[in-house]
Structure formats: C-alpha cells, structure tokens
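Hello,

Here is the structure I promised to pass on. Please open it and keep it beside you while you read my notes.

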Amino acid sequence: MSESIIVNNIILLLFAGYDTSSVAITMVIKYLGEFPEIYEKVLREQMEIASSKEKGEFLHWEDIQKMRYSWNVVSETIRLLPPISGAFREALVDLKFEGYDIPKGWKLFWNAPLTHTDPSFFPDDSKFDPSRFEGAGPIPHSYVPFGGGPRMCLGKEFARLEILVYLLNIVTRFRWNLLIPDEKIVYDITPTPKKGLPIRLHPHNA
Ligand code: HEM
C-alpha cells in the first residue's frame with residue numbers, strides 16, 4: 001500500500017470517527033434548545049439513570065440501554081440532519097431505476113437527506129418527532145444515517161455510546177438557550193451552523 005493511501009485512510013478514519021459524532025451532538029444541542037418539552041423528557045430519563053448511581057460510580061452498559069427516549073431524540077436529529085449526506089456504490093449489474101438505465105460499473109451516490117424526507121416513509125417529514133422511532137421504527141433502508149448493507153458504518157454502536165454519555169453529562173448539569181434562534185444550517189461536507197451555534201448554559205444548581 002502506498003504512503004498516500006495509508007495517509008488517506010488515516011484521515012478518513014479521523015473524520016469518520018470524530019466529526020460525525022461531534023456534528024450529531026451539536027445538532028442534538030440545537031434541537032433540545034428549540035424544543036424545551038423534549039429537553040424535559042430527556043432530562044427526566046437521564047436524571048433517573050444518574051440518580052440510580054452511587055457518587056463516582058461509572059455508567060454501565062445496562063444504563064445505556066435504558067436511554068431509549070434520548071436515543072430516539074438523537075435518531076430523529078440525524079434523520080433531519082444526517083452528519084454524512086450519503087456515499088457511493090457501484091452497479092454490479094445493468095439496472096433500471098425510476099425510468100433510468102444504469103449500466104453495470106457506474107458509480108451511484110445514495111442520498112440520506114432525500115431518503116429521510118420522503119413523506120411516504122416519514123409523514124409530516126419536516127416535523128421533529130422522536131416518537132417515529134418507538135416500536136419497530138422506520139422500515140429497513142428508509143432510515144440510513146449510518147448507511148446500510150455490508151459497508152454500513154462500523155462505528156455505529158461506539159457513536160451511540162459516546163453521544164448518549166455526552167448527553168447524560170450535559171443534560172444533568174445544564175439547561176441552555178440558543179442565542180441565534182433559527183440559525184441557518186448549511187452542508188459544508190457535514191451540517192454546519194452558519195454562526196457556530198452559540199448557546200447560553202444555565203447550571204441546574206445555580
Ligand atoms: C453519528 C455518528 C456517525 C455517523 C452518522 C456515521 C455515518 C457513516 C456512514 C453514512 C458511513 C457509510 C456507510 C455506507 O456506505 O453504507 C460510515 C462509514 C464508516 N464509519 Fe461511520 N458514522 C458515525 C460514527 C463513526 C465512528 C464513531 C466511527 C469510528 C470510531 C466510524 C467509522 C466508520 C468507518 C471506518 C466507515 C467505513 C466502513 C466501510 O467502508 O466498511 N463512524 N459512517
């Protein structure tokens with residue numbers, strides 16, 4: 001393997017493993033700032049888990065499994081603002097799709113934001129509604145923030161762990177408000193708040 005391929009793989013791993021989760025956390029902060037009633041539900045769930053711990057006791061795997069509502073909120077966040085907008089696949093055979101002929105060997109880009117806002121899968125698609133993920137949740141391949149198939153994100157469970165642990169730590173300490181309500185989000189590879197999403201933190205015990 002050439003040095004440039006090794007360097008490229010390392011850079012990709014750093015991006016895949018760091019920017020994606022940090023963008024997801026940023027967007028959760030945005031939505032929780034926008035929807036105080038959803039923040040309250042997350043706080044209640046996280047407080048229940050935090051208060052079941054002795055002082056200084058670490059979180060356990062079972063605690064993460066109890067963060068169901070919180071994960072539904074994260075899932076809805078990355079439905080509306082997926083950290084990665086898609087990836088490439090190669091057509092292994094000639095195929096037809098929606099009236100288009102796609103020859104074998106062509107490269108295709110599957111698009112997460114478009115898939116996630118298809119109203120036949122997600123009625124009232126622009127509404128932030130974590131209850132979409134209750135029960136069986138969306139049908140397979142209609143929800144693809146981590147991709148799908150054999151090349152699906154291999155860091156998904158690690159990402160879930162770090163996002164939920166972060167959420168517990170911030171929500172049990174602070175409320176916050178967004179200093180620029182309706183701040184524009186642009187896709188600059190990943191979704192990026194135009195002005196850096198400034199917030200004001202309010203400690204619970206102030
Ligand atoms: C919210 C966080 C994350 C999101 C939304 C995300 C999303 C994705 C997506 C969409 C793909 C392409 C999958 C496909 O083509 O089907 C991918 C691939 C990948 N992700 Fe993630 N990812 C996240 C976190 C992570 C983390 C934390 C790591 C590593 C610690 C990681 C490592 C990778 C790697 C190595 C691949 C390439 C897998 C392959 O080609 O076989 N990701 N990710």
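Predicted model: local features only at pLDDT ≥ 70, side-chain atom pairs only at ≥ 80, totals over all residues.

Which residues of α4 are buried? They are Y69, S70, W71, N72, V73, V74, S75, E76, T77, I78, R79 and L80. What covers them? The cover includes α1 (3-34), α2 (36-51), α5 (112-116) and α6 (156-171).

Helix α4 takes in residues 68-80. At 1.5 Å a residue, its 13 residues should span 18 Å. The end C-alpha atoms are 19 Å apart, which agrees.

**I38**

Next, look at I38, which lies in helix α2. Is I38 buried or exposed? Its relative accessibility is 7%, and the cut-off for buried is under 20%, so I38 counts as buried.

Leaving out residues up to four places away in sequence, I38 touches L32, Y69, V73, F128 and P130. Y69 and V73 are also among the buried residues of α4. Now take P130. I38 and P130 are 92 residues apart along the chain. Their C-alpha atoms are separated by 8.7 Å.

**D63**

Last, find D63 in helix α3, residues 61-65. D63 has a relative accessible area of 5%, so D63 is buried. Which residues does D63 touch? Not counting residues up to four places away in sequence, they are I49, K53 and F58.

Best wishes

Conventions: Residues numbered from 1 in each chain as written. Heavy atoms only, no water. Helix = DSSP H or I, 4+ residues; strand = E, 2+ residues; numbered from the N terminus. Buried < 20%, exposed > 50% of the residue type's maximum accessible area, 1.4 Å probe, protein only. Contact = heavy atoms within 4.5 Å. Expected span 1.5 Å × (residues − 1).
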